[in-house]
Amino acid sequence: MVHIHAIIFHYGQRQTASWKGAIELEDGFIKIYRSLMKWEWYTNTNTKIVFIHLLLNANWEDSRFQGIDVPKGSLICGRKKLAKDLGLSEREIRTAIKHLKSTNEITIKSTNRFTVITIVNWEKYQGFENQ
């Protein structure tokens with residue numbers, strides 16, 4: 001289980017930093033905590049990249065897709081799309097997903113058309129109730 005402690009990656013409201021080399025960031029944000037560096041998969045680059053990618057792409061509110069509920073903290077995806085998006089092989093994606101499932105970071109619900117991946121503690125990582 002990832003137990004984490006706070007850095008914020010913005011992907012939302014347009015922001016411009018004023019220091020040299022600053023990047024304009026859009027589309028909201030996710031929280032990434034410093035304690036991620038103590039996570040058992042942190043040194044496994046592929047697993048870490050896949051997990052962060054899932055956090056970045058997970059729904060921030062409940063939705064539906066082709067008659068299936070896709071709750072916040074979940075997303076529709078597949079190995080081929082993840083491999084293409086991340087520049088990894090399907091085998092590397094499969095291994096990373098296996099790692100994340102084995103430590104209960106994610107759950108997977110597959111249909112004959114697509115896969116719903118849910119980040120188990122998404123609300124804990126990304127919730128704003130206590131902010």
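Let's start with W39, which counts as buried, at 6% relative accessibility. Keep in mind that this is a predicted model. What does the ring of W39 pair with? Its partner is the ring of F51: the two centres lie 5.1 Å apart and the planes meet at 45 degrees, so we call the pair tilted. F51 is buried too, with a relative accessible area of 1%.

How many aromatic pairs does a search of the whole structure find? Two. The other one joins F65 and F114, with ring centres 5.1 Å apart and planes at 75 degrees, so this pair is edge-to-face. Here 49 residues separate the partners, with F65 in strand β3 and F114 in the loop between β6 and β7. Are they buried or exposed? F65 is partly exposed, at 33% relative accessibility, whereas F114 is buried, at 9%.

While we're on rings, have a look at Y42. The charged end of K48 sits over the Y42 ring, 3.9 Å from its centre.

Next, some empty space. Rolling a probe the size of a water molecule over the atoms shows where such space is left. The second largest pocket holds about 210 Å³. Which element gives the most to its lining? That's α3, with four residues. Helix α2 and strands β6 and β7 also supply at least two residues each. Among the lining residues you'll spot C77, R94, K98 and I117. By class, the lining has five nonpolar, four charged and three polar residues.

Conventions:
Residues are numbered from 1 along each chain as its sequence is written. This is a predicted model: local features need pLDDT of at least 70, side-chain atom pairs count only at pLDDT 80 or more; totals for chains, interfaces and linings use all residues. Side-chain values use heavy atoms; hydrogens and water are left out. On a 1 Å grid over the protein atoms alone, a cavity is a set of points where a 1.4 Å probe fits but cannot get out, and a pocket is an open set with protein on both sides within 12 Å along at least five of seven lines; lining residues have an atom within 4 Å of a point. Grid points are joined across faces, edges and corners, and a volume is the space filled by probe spheres set on the points. Ala, Val, Leu, Ile, Met, Phe, Trp, Tyr, Cys and Pro count as nonpolar, Asp, Glu, Lys and Arg as charged, and the others, Gly among them, as polar. Rings of Phe, Tyr and Trp (its six-membered ring) pair if their centres lie within 6.5 Å; planes under 30 degrees apart count as stacked, over 60 as edge-to-face and the rest as tilted. Buried means under 20% relative accessible area, exposed over 50%, partly exposed in between (1.4 Å probe, protein chains only). A charge sits over a ring if NZ of Lys or CZ of Arg is within 6 Å of the ring centre and within 35 degrees of the ring normal.
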